[in-house]
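Q: I am new to this structure and would like a close look at a single part. Please take me through its salt bridges and the elements around them.

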Amino acid sequence: MTIQDILNQKGTRVITIEPHHTLYLALATLIENKIGALIAHDHAGTLLGIITERDLMREVYKDTDLRAVRVEDVMTRNIVTGNPDHDIEYVMAKMTEGRFRHMPVLDDENTLAGIISIGDIVKAKLQHVEEEVTQYKDFVTLDWRAS
Ligand code: AMP
């Protein structure tokens, strides 16, 4: 199973924020969209960073004034990305190694083509196992009827 297979199911929409926006707007955007990460980009659409709920939690813990600090002051700039042809084992390995739960996907032209979260991976894996169980059950039923 590849990143493309997951994007085919979940879609390619990525919710973004501009680097000069405040942490408060980032938090509001995460909550309103029920997501855990936002991609920061410039006006040309170039990927500049990622900010996740974990980054915001850290700032809340530090008592940061969320209305006074900008996304660019907190976001991670060194982003690990995937491409649509990568298989999900690659994504899982990178997430485990880097201890993060979101991976932006770039296509061959380096354009943002989607985002994969650890939740998407778990969902895809579960679905795959369920399909396999159904296939085995069908096989056993057929085999039993044929005998
Ligand atoms: P997460 O587990 O995705 O909430 O992120 C944990 C930390 O890793 C945060 O500081 C994020 O900004 C950072 N992070 C999230 N996704 C990525 C990624 N694909 N590449 C690099 N850093 C990331």
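**Salt bridges and their surroundings**

A: Let's begin with Lys62, which is exposed, at a relative accessible area of 53%. (Exposed means over 50% relative accessible area, buried under 20%, and partly exposed in between, using a 1.4 Å probe and protein chains only.) This is a predicted model, in which local features need pLDDT of at least 70 and side-chain atom pairs count only at pLDDT 80 or more, while totals for chains, interfaces and linings use all residues. Residues are numbered from 1 along each chain as its sequence is written, and side-chain values use heavy atoms, with hydrogens and water left out.

Lys62 has a salt-bridge partner in Glu59, with 3.2 Å between their closest N and O atoms. (A salt bridge here is a side-chain nitrogen of Lys or Arg within 4 Å of a carboxyl oxygen of Asp or Glu.) Side chains of opposite charge can pair when their charged atoms come close. Glu59 itself counts as buried, because its relative accessibility is 7%. Glu59 sits in helix α3, which covers residues 53-61. (Helices are DSSP runs of H or I with at least four residues, strands are runs of E with at least two, and both are numbered from the N terminus.) Leaving aside residues up to four places away in sequence, Glu59 touches Leu23, Thr64, Leu66 and Val74, where contact means heavy atoms within 4.5 Å.

The structure holds six salt bridges. Another of them joins the side chains of Glu53 and Arg101, at 3.8 Å from N to O. This pair links distant parts of the chain: Glu53 belongs to helix α3, Arg101 to the loop between α4 (88-98) and β4 (102-106), and the two are 48 residues apart. Glu53 is partly exposed, with 35% relative accessible area, and Arg101 is partly exposed too, with 28%.

Let's move on to helix α4. Lys94 and Glu97 form a salt bridge there, with their closest N and O atoms 3.9 Å apart. About one helical turn separates these two residues, because they are three residues apart in helix α4. Lys94 is partly exposed, at 26% relative accessible area, whereas Glu97 counts as exposed, at 62%.

Helix α4 also has a helix partner. Two packed helices are described by the angle between their axes and the distance between the axes. Helices α4 and α5 (residues 118-146) pack at about 140°, with 11 Å between their axes. (Axes are lines fitted to C-alpha atoms, for helices over the stretch in contact, and angles run from 0 to 180 degrees between N-to-C directions.) The two helices are therefore oblique to each other; angles under 35 degrees count as roughly parallel, over 145 as roughly antiparallel, 65 to 115 as roughly perpendicular, and the rest as oblique. Ile88, Glu89, Val91, Met92 and Met95 of α4 make the contact with Ile118, Ile121 and Lys125 of α5.

To finish, here is the sheet. Its three strands form an open sheet in the order β1-β2-β3, with mixed pairing. (Strands pair if DSSP finds at least two bridges between them.) Strands β2 (residues 37-41) and β3 (residues 47-52) run antiparallel, paired over five bridges. Within that pairing, Ile39 has Ile50 of β3 as its bridge partner, and Leu38 has Ile51. Helix α2 (residues 23-33) packs on the sheet and touches β1, β2 and β3.
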